[in-house]
Amino acid sequence: MGSKSDWSTMENAAEIMDILGVSYHVEVVSAHRTPIKLAEFSESAVEKGFQVIIGGAGGAAHLPGMVAAHTRLPVLGVPVQSKALNGMDSLLSIAQMPKGVAVGTLAIGTAGAFNAGLLACQILANSDPELAKRIEAFRAKQTDTVLANPDPREA
Ligand code: RP5
């Protein structure tokens, strides 16, 4: 993520990866404030054994696109909700990647961060049958919870 201030959003990605038993690395790597670190981090990600990168940033959020420019790994972008423009700036600057360098963009804010973690796990599950079973169990439990209590007046 681009700043420590992004952690309250990005911890939602960590939450679902903890639930699904997937290991991850968390670090502040800023496209603006630490551009050389960002290039080095992204270029060495394959040899370090990373398989998916989640980039969360707000405002003029170049981070996921710049990471994607430096690695062939799948990059998932989370638009952090900014104060000035409520995250629309983050969303558009992450989603509108020019043709040829891909970033998978999630929703603004905490739901996007959670879903980025979930989607990263789903990508990893293609080559991890045990993780695939845990994701299926998570989804089934979520479905059962909704079906068991459809009355909106009940907690
Ligand atoms: C972006 O600027 C970060 O991703 C963060 O969302 C935003 C504000 O950063 P701080 O000023 O709070 O460090 O680079």
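Take D89 as a try-out: it has 19 C-beta neighbours inside 10 Å, so it counts as partly exposed.

Before we go on, a word about what you're looking at. This is a predicted model, where local features need pLDDT of at least 70, side-chain atom pairs count only at pLDDT 80 or more, and totals for chains, interfaces and linings use all residues. Residues are numbered from 1 along each chain as its sequence is written.

Back to D89, which is found in helix α4. Helices (H or I, at least four residues) and strands (E, at least two) are DSSP runs, numbered from the N terminus. D89 and A61 are 28 residues apart along the chain, yet their C-alpha atoms are separated by 7.7 Å. Setting aside neighbours within four places in sequence, D89 is in contact with G59, A60 and S82; contact here means that the two C-beta atoms, placed from the backbone, lie within 7 Å. In the loop between β2 and α4 (88-95) you'll find N86. N86 has a positive phi of about 65 degrees although it is not a glycine, and with 12 C-beta neighbours inside 10 Å it counts as exposed.

Now step into strand β2, where V75 is found. Is V75 buried or exposed? It is buried, because 27 other C-beta atoms lie within 10 Å. Beyond its neighbours within four places in sequence, V75 is in contact with I53, G55, P64, V67, A68 and V103.

Helix α1 has 13 residues and reaches 18 Å from its first C-alpha to its last, close to the 18 Å expected; the expected span is 1.5 Å times one less than the number of residues. Helix α5 has 16 residues and reaches 23 Å, close to the 22 Å expected. The axes of α1 (residues 7-19) and α5 (residues 110-125) come within 7 Å and cross at roughly 35 degrees. Those axes are lines fitted to C-alpha atoms, for helices over the stretch in contact, and angles run from 0 to 180 degrees between N-to-C directions.

Who does the touching? From α1, the residues T9, M10, N12, A13, A14, E15, I16 and M17 meet T110, A113, F114, A116, G117, L118 and C121 in α5. By class, this contact has 10 nonpolar, 4 polar and 1 charged residues. Ala, Val, Leu, Ile, Met, Phe, Trp, Tyr, Cys and Pro count as nonpolar, Asp, Glu, Lys and Arg as charged, and the others, Gly among them, as polar.

In α1, the buried residues are T9, M10, N12, A13, I16 and M17, and what covers them includes β1, β2 and α5. The buried residues of α5, including F114 and L118, pack against α1, β1 (53-58), β2 (75-80) and α6 (129-148).

There's a ligand too, surrounded by M1, G2, S3, S5, D6, S30, H32, A57, G58, G59 and V80; each has its C-beta atom, placed from the backbone, within 6 Å of the ligand. This shell divides into 3 nonpolar, 7 polar and 1 charged.

Finally, A155 sits in the segment after α6. A155 is exposed, because it has 5 other C-beta atoms within 10 Å.

Note on methods: A residue is buried if 20 or more other C-beta atoms lie within 10 Å of its own, exposed if 12 or fewer, and partly exposed in between; C-beta atoms are placed from the backbone.
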